[in-house]
Amino acid sequence: MDKLIQQLPRMAQEKSKENKKFFAKLRKRPPKDLDYVMRDLHEAEFRQTNCLDCANCCKTTGPLFTNNDIERIAKHFRMKPQKFIDQYLRMDEDNDYVLQELPCAFLGADNYCSIYDVRPKACSEFPHTDRKKFHQISQLTLKNVAICPAAYNIVEEMKKLLANR
Ligand code: SF4
Ligand code: SF4
């Protein structure tokens, strides 16, 4: 897995032009059954990819923290939300709360998340490949294929599956 993660940015770059073209077409004419197609592709991929062998999202990008996330996680630590913000978060250029440091402070050496049950919503949904109306997040997906081996594989399978529709 380490070797694949290392090679992923280059592999994604090589597919970049093809992927942009594919998603541009998909946005114009999304198949009626896209939500079902994505659910099946997502489930098939995560039957063979174990996030505990990877954790590249937690090491390299980290999530946005919503107010609900902050309140829930601060409560878990019996901290005031502001104290949690001061200790772990910063505001980015879009005025979103993000991690001060990467890898994420809650990631263990064994790739387990120490706040798994209360983790940010964005973490639980990443890489968003089973999201409804998947064609609407194509810009995000174009970035995620360089970070997430599962997202990369899902997009490759998706291109094959939808090629002749
Ligand atoms: S979601 Fe993707 S990047 Fe994150 S741990 Fe799983 S396979 Fe790796
Ligand atoms: S909160 Fe947990 S799942 Fe989210 S980035 Fe940190 S370690 Fe990963």
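Which residues are around ligand 2? The legends below take up this question along with other views of the predicted model.

View 1. Ligand 2 has around it Cys 58, Gly 62, Pro 63, Cys 104, Phe 106, Leu 107, Cys 113, Ile 115, Arg 119, Pro 120 and Cys 123. Sorted by class, the shell around ligand 2 holds nine nonpolar residues, one polar residue and one charged residue.

**View 2. Surroundings of ligand 1.** The residues that surround ligand 1 are Thr 49, Cys 51, Cys 54, Ala 55, Asn 56, Cys 57, Phe 126, Pro 127, Ile 147, Cys 148, Pro 149 and Ala 150. Two helices, α3 (56–60) and α8 (149–162), each contribute at least two residues to the shell around ligand 1. In that shell, ten residues are nonpolar and two are polar, with no charged residues.

**View 3. The open sheet of three strands.** The strands are ordered β1-β3-β2, and their pairing is antiparallel. At the edges are β1 (64–65) and β2 (89–91), each of which pairs on one side only. Strand β3 (residues 97–99) is joined to β1 by two bridges, and β1 and β3 run antiparallel. Leu 64 has Val 98 in β3 as its bridge partner.

**View 4. Ala 24 in helix α1.** Helix α1 covers residues 2–28 and includes Ala 24. Ala 24 counts as exposed because 11 other C-beta atoms lie within 10 Å, and the cut-off for an exposed residue is 12 or fewer. From Ala 24 to His 76 the C-alpha to C-alpha separation is 42 Å, while the two residues are 52 positions apart in sequence.

**View 5. Domains of the protein chain.** The domain assignment divides the chain into domain 1 (2–55 + 127–162) and domain 2 (64–118). Between the C-alpha centres of domain 1 and domain 2 there are 26 Å.

**View 6. The protein chain as a whole.** Eight helices and three strands are present in the protein chain, and along the sequence they follow the pattern α-α-α-β-α-α-β-β-α-α-α. The radius of gyration is 17 Å, close to the 15 Å that the globule rule gives for 165 residues, so the protein chain is as compact as a globular protein of that length. The C-alpha trace spans about 55 × 35 × 30 Å along its principal axes. Of the 165 residues, 23% are buried. Among contacts with a separation of 6 or more, 70% are between residues 24 or more positions apart.

Methods: Residues numbered from 1 in each chain as written. Chains lettered and ligands numbered in written order. Predicted model: local features only at pLDDT ≥ 70, side-chain atom pairs only at ≥ 80, totals over all residues. Near = placed C-beta within 6 Å. Helix = DSSP H or I, 4+ residues; strand = E, 2+ residues; numbered from the N terminus. Nonpolar A, V, L, I, M, F, W, Y, C, P; charged D, E, K, R; others polar. Domains from an automatic or database assignment. Buried ≥ 20, exposed ≤ 12 C-beta atoms within 10 Å, placed from the backbone. Pairing = 2+ DSSP bridges. Rg over C-alpha atoms; globule rule 2.2 N^0.38 Å. Contact = placed C-beta atoms within 7 Å.
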